[in-house]
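Let's walk through this structure together, starting with one chain and ending where two chains meet. Keep the viewer open as you read.

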Amino acid sequence: MPAALNSVDTFRALVDWLREAVKEPEHFTLSYNAEASQFIRFNHARVRQAGQVQQASVSLKLIREGHQADLHLTLSGEYDVDYQRLAEAVQQLREILPLVAPDPYLQLNTDAWQSHAVQEQPLPDSAQVLEQIRQGAQGFDLVGIYAVGPISRGYASSWGAFGWHQANSFNLDWSLFHANGEAVKANYAGENWSNEAFAQRLNSATEQLAFLGRPLKTLAPGQYRAYLAPAALDEIIGMLCWGGFSAQSIANKDSPLQRLYGGDTHLSPLVTMAEQVSGSLSPAFSGEGYPRSDLTLIQAGKARDRLINSRSAAEYGLICNGADAGESPSALSMTAGDLPLAEVLQQLGTGLYISNLWYLNYSDQPAARMTGLTRFATFWVENGQIQAPVSTMRFDDSVYSLLGTHLEALTRERELILSTGTYSERQTSSTHLPGALINRLTLTL
Amino acid sequence: MFETTTLLKQRFAALRSRAEFFSLRHVRQSSQHLSVRKNVAEPPSLSRDEGAMLTVRLNGVEAYAATGDLSQQGLQLALQQAEDLAERISAHALLDLRNQPVAQGRADYCSPNLEQPFPSLGDCYELLGRESAAVPHDERLVNWQVSLGVSTVEQIYLNTAGAENRQAQRFVFPGLSVTAYDGQDSQTRSLGRENFGQQGGADVISRCGLIGAGAKVADQALQLLLAPNTPQGRRDILLMPDQMMLQIHESIGHPLELDRILGDERNYAGTSFVKTTDFGTLQYGSRLLNVTFDPDIPEQLASYSHDDDGTAAHKQFLIREGLLIRPLGGALSQFRSGLDGVANSRACGWNRAPIDRMANLNIEPGDKSLPQLIAGIEHGVLMSTNRSWSIDDARNKFQFGCEWGQLIENGELKGVVKNPNYRGISADFWRNLSAVGDASTFQVLGTPNCGKGEPNQVVRVGHASPACVFSQIDVFGGDA
């Protein structure tokens, strides 16, 4: 890419141009997203598809006397083209503003805050990574994707705020398949590629794969003890993140945690969750220009803070805490418990060891009752010993049961799970979760 | 329309490459999303997006590079990056594509009514405001929103074999939803939104039924709030087209995607219970089941002349009288598998590569009117408007939920029930198809939100279906 597209100087120049073009009583905010990504897909441990994507875009908000409108614009990296596009965007928004009613929920951060975070750790050479995957995966049916490259986020306003966040990262997300169709999932993501660390994770996956070769056990629907590994718990938490903690969803009565935030019920005292922005991979500022705070969302099973963006703050008389438009957590951290990971099988005794869950959705959203399926390495355990892989099963249970009355323990060790999401662009969200031992999981199909 | 063609062709012709074949796919998109929530106009959200993907084939290995820089230098740089990547992965490549035929031919395709201007922003807000205001004052109605999205997409595909395909399309997504709350339970009733979208202009807003719908949808939300839960047990279900589209999508569409069957998606979207050897032999459903890939219904979301790899699209039966015939596989998957497929290699934009996707996947009408379908059910539940979907990674065990349910007893439609859910197994479910509605029950629907692929992509897909009856299905309600 024009390397310039991932440069703070390019963003600053766009902002400087806008500050000249947009004067009182007009105001603007400008957010900026760029990435130069290489994507390499694997199937059968060979490269199925590979490509390079270079993209940058801005979201421009123009404000005048209580009216506002937004325009999202892809940049080319060519100076003349991009300034022409930006000028046309300003002009289009100026023509639209008189047609739009004044917005009673317009609330802007007029602080001239500054934020700058740059991580320029050299990225691994993709040829070297490919060779290591080839060597390590020899004899295995590996499928997945390797994504690598720099990501940039920027924000600026006509009131003088300016934020820049830039980081290099990689994310190798893969599965190993047994000839019988069973599979184990693994991931290696971060900023510094280590051959040893990758080999260790690959080795751990191959060890689980050996268990998957045993004859498959088919369970009848019913209620079972179960251990949810952090990646499985991440799927449940991920569902709750869709509106669960959102101030607007709670006010609109369509949050799945409606009854928790209404004080009608609670989760287990073991459950404490926070939006832990500090130290995460996410920018320290929101796309609408508010510094993001660390927040305690659930404390000892009871609702605490909710995620509030500026619009909800204005509508419901709350204080904005830097949530983005969707009011979803982007760095959710769950407090660890006291069950040592090494004792999970022993404590589980007889039941299900579930590595991953898949395709969750609600059976009854106000009751936080959700359904989903086991996927990848799920094992039947008897007397603390893995006996057999389990065929795909569907669960249907309420979060108030899974993380409430029937939550027995959380693990002492936690796993940092970096998003593998690449819809539109590579995501920077993460979760930090323990595993969960549950003494009643309802399987239905 | 297509005003960039000449310049793009000049730049394409001037590109220098050591590849035996390369293509350029240029995409320019603009969109506008408007919404009025609880009688307050939300700020308009507009977007403009433009870029190109260069794909090369070098010694039988393909790679791509996508860029927003459309200058001669920018396109040449992207081409170079794709060539370099093709060389770098050559020792590791899964496929040798030296003998794969490349697309040829020229065509232009346009959405219906594309030449007619879309209603102005002011007119759109007026319509949305009117429907919002039509929601009656009732303290139980705690939230409602009326929205209208419109996207215009122009795509130009060129390759070194002389192909030139141009498509200009406009997609319209009207929507309305109302949430009612009684202090404990909440119920949402909607129209359009994720369950409806079509190609066209203002005509789509009318066909969706948005105009005049505010009060009716609000009333149905209140009816749901007062309704009992759906009873548990095995019953016949009558699925209306706005649930059939989801049923088709999840338990016919995804399992028939050939790249899944070939294993590409096993790490993310999943695999399939269907095997390559099942085509021509597997009785997928009852003899009433006829499923087509149909790019020829003008208003349907994924009607087009060519897919994003330049293959000409034609209507094909995938399942005829219940027998599985043909997969959803584009030119590359057909080359890999030796199976005949369809033109369904699609990308969500310039920054993602085409893969096998659903497009328009439809069920052909049968011979029963809606009253006849209802009359044929002794104990059943009518279900309408999908709200929840979950299916395993092989696309077999599913559980789906709808917004609206009505009991059917002894051939008559009875009271409303809330939280209508049902579950089943794809491989068995379609064999329980016991009646298919006629053309009077047939609706052309679609969704903008079909996710798949690594890197991830969301595409628009169309599903048209009559109402259908399935016998002896496991149904149940919610907790509250």
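What percentage of the 445 residues in chain A is buried? Buried residues, meaning those with 20 or more other C-beta atoms (placed from the backbone) within 10 Å of their own, make up 54% of chain A. A word on conventions: this is a predicted model, where local features need pLDDT of at least 70, side-chain atom pairs count only at pLDDT 80 or more, and totals for chains, interfaces and linings use all residues. Residues are numbered from 1 along each chain as its sequence is written, while chains are lettered from A and ligands numbered from 1 in the order in which they are written.

Chain A has 10 helices and 18 strands, taken as DSSP runs (H or I, at least four residues, for helices; E, at least two, for strands) numbered from the N terminus. Its C-alpha atoms fill a box of roughly 70 × 55 × 30 Å along the principal axes.

Now turn to where the chains touch. Counting two residues as in contact if their C-beta atoms lie within 7 Å, the contact takes 72 residues from chain A and 63 residues from chain B. On chain A's side, strand S2 (residues 46-64) gives the most, with 11 residues.

Strands also pair across the chains, a pairing being at least two DSSP bridges between them. Strand S3 (residues 67-75) of chain A runs parallel to strand S3 (residues 45-58) of chain B over 4 bridges. Look for Leu71(A), whose bridge partner in S3(B) is Leu46(B).

Finally, find Leu238(B): among the residues it touches are Leu373(B), Ile408(B) and Val469(B).

Methods
A residue is buried if 20 or more other C-beta atoms lie within 10 Å of its own, exposed if 12 or fewer, and partly exposed in between; C-beta atoms are placed from the backbone. Lists of a residue's contacts leave out its neighbours within four places in sequence.
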